[in-house]
Amino acid sequence: DNSRWLAPAKAKKTQPKGNHVELSSDGEVEEGSWEMEEEDGSSEEMVDDYGASSSEEEELLPIEKAALKQKPDREGLSEDDSEEEEEEEAEEASKQKMGQKEEEGPDLQLNLDIDEPFKLPTSEEMEKEDILFICNIHKPCASLAVGDSLTVLPPAEPPDLHVIHQRIQGNMEVLQDFGVKREEGRSRQEYLALLRRDMAAYYSYSDFLLTKLMDIFPLPELVNFLEANEVPRPVTIRTNTLKTRRRDLAQALINRGVNLDPLGKWSKTGLVIYDSTVPIGATPEYLAGHYMLQGASSLLPVMALAPQENERILDMCCAPGGKTSYIAQLMKNTGMILANDSSAERLRSVVGNLHRLGVTNTVVSNCDGRQFPKVLGGFDRVLLDAPCSGTGVISKDPAVKTNKDETDILRCAHLQKELILSAIDSVNAASETGGYIVYCTCSIMVEENEWVVDYALKKRNVRLVATGLDFGKEGFTRFKDRRFHPSLKSTRRFYPHTHNMDGFFIAKFKKFSNAIPQARKDEGPAVEAAAPSAVPDAIIAEPPSKKKKLEGSKAKEEQKLPQPALKKKRSLQAQRRPLKA
């Protein structure tokens with residue numbers, strides 16, 4: 001009987017449990033295992049279904065049938081559950097794809113757990129990172145002249161700053177534990193040379209300036225200093241107490257949408273501005289002279305000067321007038337301030353600020369500070385904010401990173417030495433309340449700070465005293481092969497990475513004699529600076545003054561005069577003398 005095996009068999013697809021659709025490796029739905037079952041359940045014999053009538057369900061594709069079977073199940077689920085299932089399916093699909101990628105490219109995996117030791121790059125690797133080579137065939141690059149032949153090699157590829165930064169960090173770790181982590185056969189100088197080169201490339205500094213900074217700071221602190229120079233200092237203002245109080249000014253600015261806080265416990269007038277909805281330099285309060293836009297570090301020299309009421313004070317380099325107006329504020333517009341600057345153009349801003357802030361006790365002059373004792377002297381206090389290289393304000397002027405060299409530093413140091421001697425000569429040592437000189441710069445170079453102060457101690461009868469500032473780092477008493485006077489510990493240094501203000505240096509002198517000591521060839525550091533109170537002024541060798549010479553010549557003339565004429569002259573002199581009470 002052939003009818004049994006000729007009858008079409010019913011095809012049945014075995015669906016996996018859990019209503020789960022399996023995806024193939026390429027993301028398509030896999031077909032289920034199709035089994036041919038006979039009516040009696042035996043599947044041993046092969047059945048031919050050619051030409052047999054089939055239902056609509058049998059004509060559908062396998063993927064459509066799977067969708068139909070899942071549809072009633074989904075109708076019973078909530079929307080949240082269906083979304084969760086879709087997310088799970090998408091995650092599984094992405095996992096499968098990621099697995100495929102990992103199998104295809106195992107080299108792309110990065111093993112971050114392995115801490116590989118730092119190794120110095122080869123010379124070939126260094127040449128690839130060089131941005132520009134300027135090679136002078138005949139002369140060194142420092143002495144290029146017109147007509148010299150240059151070979152300019154363009155970069156093969158731009159330097160990767162991320163790689164340079166990682167190399168800086170690895171180099172720093174090796175240098176901190178050099179004996180253990182160093183590479184065999186490599187010297188410390190090689191590591192330092194690479195570090196200086198990488199820092200110069202990463203932070204855009206000249207090799208000269210970076211070498212100077214590496215001499216001043218330890219390596220971990222150097223990185224902090226360089227990073228701090230990439231961030232601007234906070235905006236600070238100084239309250240003008242001649243016109244308002246800090247509390248009233250802060251409330252008025254808060255009402256205008258300014259977010260501010262007091263500058264610190266060390267300042268009673270300063271405010272720090274975080275953000276503002278109005279321009280700080282154009283508010284009605286600013287135009288009315290209630291405050292002055294001024295950096296936090298520029299408040300410190302005036303605080304160290306500590307001016308008293310009714311004194312005569314000289315501000316030798318006053319532009320743009322922030323420190324001058326602060327002095328007038330502390331003096332409550334009493335006494336007299338001589339605001340001097342060698343630049344007539346910069347004095348315009350000084351006059352404008354003094355008028356706006358309501359300062360009435362200041363005279364503005366345009367003179368060279370080096371000639372100032374000849375112009376006017378006898379001041380109670382002098383403030384000298386000397387012109388400098390500006391290495392403490394790199395965040396304000398990034399051009400300093402590359403446009404300063406040894407010549408600029410030494411030129412500034414020479415000018416500062418001349419100015420500080422003029423400032424000391426302008427002070428009256430016999431002043432009842434004063435006799436003080438404050439020297440400050442916005443530079444961190446030793447040549448412009450400790451070197452200049454040590455020079456002043458040798459050339460004039462002054463000593464260093466405490467600045468009165470509770471914070472700041474002590475000045476250097478020794479730097480490389482130079483040794484300075486021990487009293488330079490009383491000077492103060494301020495850095496952007498430690499105090500969040502511009503780099504600054506402040507020294508305060510006390511003048512104890514108006515006499516200028518004679519220069520000696522083998523003269524060491526001034527002994528007077530160490531213990532001036534123990535040495536009386538009479539011991540100091542003073543050169544014979546003009547007055548004494550005139551008195552001696554008059555005595556000789558009197559000896560030559562006859563007796564009657566001498567008696568007549570002495571009687572006239574007695575009449576001119578004032579009567580004693």
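Helix α14 is followed by Lys 332, a residue whose phi is positive, near 60 degrees; helices here are DSSP runs of H or I with at least four residues, strands are runs of E with at least two, and both are numbered from the N terminus. The model is predicted, so local features need pLDDT of at least 70 and side-chain atom pairs count only at pLDDT 80 or more, while totals for chains, interfaces and linings use all residues. Residues are numbered from 1 along each chain as its sequence is written, and side-chain values use heavy atoms, with hydrogens and water left out.

**Around helix α14**

Helix α14 covers residues 322-330, and eight of its nine residues are buried, where buried means under 20% relative accessible area, exposed means over 50%, and partly exposed lies in between, for a 1.4 Å probe and protein chains only. Among the buried residues are Lys 323, Tyr 326 and Gln 329. In the loop between β9 (312-315) and α14 lies Pro 320, and the peptide bond that joins Ala 319 to Pro 320 is cis, with omega near 5 degrees.

Two residues that are not glycines are set out below with their phi values, and each of them lies in a loop.

**The cysteines**

In an unreviewed entry, UniProt lists Cys 442 for "active site", although such annotations may be inferred rather than shown by experiment. Cys 442 sits in the loop between β13 (436-441) and α19 (450-459). Leaving aside residues up to four places away in sequence, Cys 442 touches several residues, including Cys 388, Thr 391 and Phe 504, where contact means heavy atoms within 4.5 Å.

The structure holds zero disulfides, a disulfide being a pair of cysteine sulfur atoms within 2.5 Å. Cys 388 is in no disulfide, and its nearest cysteine sulfur, that of Cys 442, is 3.1 Å away. Cys 388 counts as buried because its relative accessibility is 18%. The sulfur of Cys 440 is 8.5 Å from the closest cysteine sulfur, in Cys 442, which is too far for a bond, and Cys 440 is buried as well, with a relative accessible area of 0%.
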